[in-house]
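The exercises below ask the reader to work from a sequence and its structure.

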Amino acid sequence: MLISAASTIALAAVLWLTVINTHGWAEVQRSFFDPKIAWASLPTLLLGLWLNVQVLFFAVIGVAIFATLIAVVRTLRGAVFFPLRFLAAAYTDLFRGIPVIIVLYLIGFGIPGLGLFPRLPPEFWGTIALILTYSAYVSEVLRAGMEAVHPSQRLAARSLGLSHAQTLRMIVLPQGVRKVGPALMNDFVSMQKDVGLVSVLGAVDVVRSAGIIESTYANFTPYVVAGLLFVLISWPFIRVADWLSARAQRREQIGGTV
Amino acid sequence: MTDQPVLRITNLHKNFDGVPVLRGIDLDVHQHRVVALIGASGSGKSTLLKSINLLERIDDGQIFLKGEDISDPRVNVDKTRARIGVVFQQFNLFPHLTVLDNVTLASRKVHGVPRDQAEETAVEWLERIGMRDKLRTYPDRLSGGQQQRVAIVRAITSNPELLLLDEITSALDPQLVGEVLDLVSELKTGGSTILMATHEMTFARKVADTVVFLKDGVLIEQGPPEQIFDHPQHPETRDYLSRY
Ligand SMILES: Nc1ncnc2c1ncn2[C@@H]1O[C@H](COP(=O)(O)OP(=O)(O)OP(=O)(O)O)[C@@H](O)[C@H]1O
Ligand SMILES: [Mg+2]
């Protein structure tokens, strides 16, 4: 314990000294780590961050619903459902392949351009784009989880008289979600970062606010602060994700049934 | 009451990918009776039980539950299954639900019993099997014997007209078999109608009213346990039992 603390401090000190002795350190310090600008920009940045949190909130709900729907459609058997299954599969393949930023541009600038909808703020289209992208990943994770539920569980549920839909909702989905908890948590953490991308559509979120301040002061400190804010809000979830995977791994080792 | 059997099976045929697994089974199970299905591995016992519970589609023949043809494709499958209790060899319980929720799930969601009433019944039963203190426990914390007893309780709390048991002790350590079989004997005393596949010959002899011997999907012989075990009429039955 003591040794690890000491060696950590020593390493940090070496890195610190190396950095501050570099040729351009003074310049970098001035334009990236200016405490006055950091403090002054904080209120605006927090206001921007609030938009990101809202986007995240709605995107999570959207993904939870849409991804579950897609996952369920992909597990439906029977020839009748072929067209639906095919569409769902095509959707996941497509959206897992396209970079988020392109989806954002296509949705955020393309759909409003059609003139089908009343004017909606860019964060709305940004949220839709995130939902579309992340649902493709999350539905695959969910599907894997559902398929890992032992077939006898369905049998047991159906033998009790539960309908297909009840079996799915009460037995297969909850068990499936548990099996892929860590993976879902990781997707959530990466979505937390990607909400910053709504700024490319012009939404005044934390990233864009930082940009505005940056151009007024010709100083990059607001970006550093914005980055720290992202770390701050995602850190608890990152810990939870790690804890979940560790627990899942322990269960696997003792052969638990869940 | 008339003498109508709870379960009547006539000329039941079942194939898997063209391979016959059940070949013309005729069988009656009367009210308050325990019928034991015996036969080698692969003889079709599980397939027969699953067919009765409509978990397998049959190819020919009819199955009547209290006179109603449940093999008719127009029958409501979920409603019919709700009238029949089933316990399988293992993996019966839902690992994400507590013992109490496992037991009450079907009552609440299928039979529409209010939660407090369903829980009251469940607690009574769990008390009877000495598991009152396990209400909030998850199945992975239970012994195999406890799991199977909870599964049995779950199958009977909604008063099924027929109880199907498929080798419910064969995945258990020998010292846990007794407690599960005791519960089955208790159900017989309580008047349940039971059709069970089993390898426990001593138990079958003790509690079954009728023993049915199945071989390669054919019902070779049936009769009271004394007849089947002590004076089997058919050479195939004799041959099979000589190995026990
Ligand atoms: N889903 C299935 N697909 C194809 N064949 C199957 C299927 N289920 C069972 N069978 C076959 O049907 C036959 C009867 O199987 P069944 O499980 O009914 O036997 P059993 O008498 O219950 O045996 P055991 O004592 O081992 O449980 C076996 O030959 C088996 O391989
Ligand atoms: Mg079997």
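The following exercises concern a predicted model.

**Exercise 1. The interface**

Task: Describe the contact between chain B and chain A by residue count, buried area and salt bridges.

Solution. 

Step 1. Chain B contributes 21 residues to the contact, and chain A contributes 20 residues.

Step 2. The area buried between chain B and chain A is about 1900 Å², with 65% of it on carbon and sulfur atoms.

Step 3. Between chain B and chain A the count is one salt bridge. Its partners are B:D78 and A:R158, whose closest N and O atoms are 3.2 Å apart. On the side of chain B that touches chain A, α2 (77-82), β6 (84-87) and α3 (99-109) each supply at least two residues.

Step 4. Polar contacts across the interface of chain B and chain A amount to six residue pairs.

**Exercise 2. A histidine at the interface**

Task: Determine whether B:H96 is buried or exposed, and identify which residues of chain A its side chain meets in polar contacts.

Solution. 

Step 1. B:H96 is located in the loop between β6 and α3 of chain B.

Step 2. The relative accessible area of B:H96 is 7%. Buried means under 20%, so B:H96 is classed as buried.

Step 3. A polar atom of the B:H96 side chain lies 2.7 Å from the backbone oxygen of A:M170. The B:H96 side chain also makes a polar contact with the side chain of A:Q175, at 3.2 Å.

Step 4. With neighbours within four places in sequence left aside, the residues in contact with B:H96 are A:M170, A:I171, A:P174, A:Q175, A:R178 and B:Y138.

**Exercise 3. Salt bridges and sequence separation**

Task: For the salt bridges B:E161 with B:K66, B:E68 with B:R83 and B:D78 with B:R81, state where the partners lie and how many residues apart they are in sequence.

Solution. 

Step 1. Over all chains, the count is 25 salt bridges.

Step 2. B:E161 and B:K66 pair through their side chains at 3.7 Å, N to O. B:E161 is in the loop between α5 (144-156) and β7 (162-166) of chain B, while B:K66 is in the loop between β4 (60-65) and β5 (68-69) of chain B, so the pair ties together parts that are 95 residues apart in sequence. B:E161 is partly exposed at 24% relative accessible area, and B:K66 is partly exposed at 31%.

Step 3. The side chains of B:E68 and B:R83 form a salt bridge at 2.9 Å, N to O. Because B:E68 lies in strand β5 of chain B and B:R83 in the loop between α2 and β6 of chain B, this pair ties together parts that are 15 residues apart in sequence. The relative accessible area of B:E68 is 35%, and the residue is therefore partly exposed.

Step 4. B:D78, which also bridges to A:R158, forms a salt bridge with B:R81 at 3.8 Å, N to O. Both B:D78 and B:R81 lie in helix α2 of chain B, three residues apart, or about one turn of the helix. B:R81 is buried, at 7% relative accessibility.

Step 5. In chain A, salt bridges with shared partners link A:R74, A:E140, A:R143 and A:E147 into one network.

**Exercise 4. A surface patch**

Task: Identify which residues form the nonpolar patch on the surface, and locate A:F33.

Solution. 

Step 1. The patch consists of A:V28, A:F32, A:F33, A:F220 and A:Y223, which together have about 420 Å² of accessible area.

Step 2. A:F33 is in the loop between α2 (25-32) and α3 (35-75) of chain A, and at 44% relative accessibility A:F33 is partly exposed.

Definitions and conventions: Residues numbered from 1 in each chain as written. Chains lettered and ligands numbered in written order. Predicted model: local features only at pLDDT ≥ 70, side-chain atom pairs only at ≥ 80, totals over all residues. Heavy atoms only, no water. Patch = residues over 30% accessible without salt bridge, like charges linked within 9 Å, V, L, I, M, F, W, Y side chains within 5 Å. Areas by Shrake-Rupley, 256 points an atom, 1.4 Å probe, with all protein chains shown as cover. Salt bridge = Lys/Arg side-chain N within 4 Å of Asp/Glu carboxyl O. Helix = DSSP H or I, 4+ residues; strand = E, 2+ residues; numbered from the N terminus. Buried < 20%, exposed > 50% of the residue type's maximum accessible area, 1.4 Å probe, protein only. Contact = heavy atoms within 4.5 Å. Buried area = accessible area lost by both parts, 1.4 Å probe. Polar contact = N/O pair within 3.5 Å; in protein donor to acceptor, adjacent residues only side chain to side chain.
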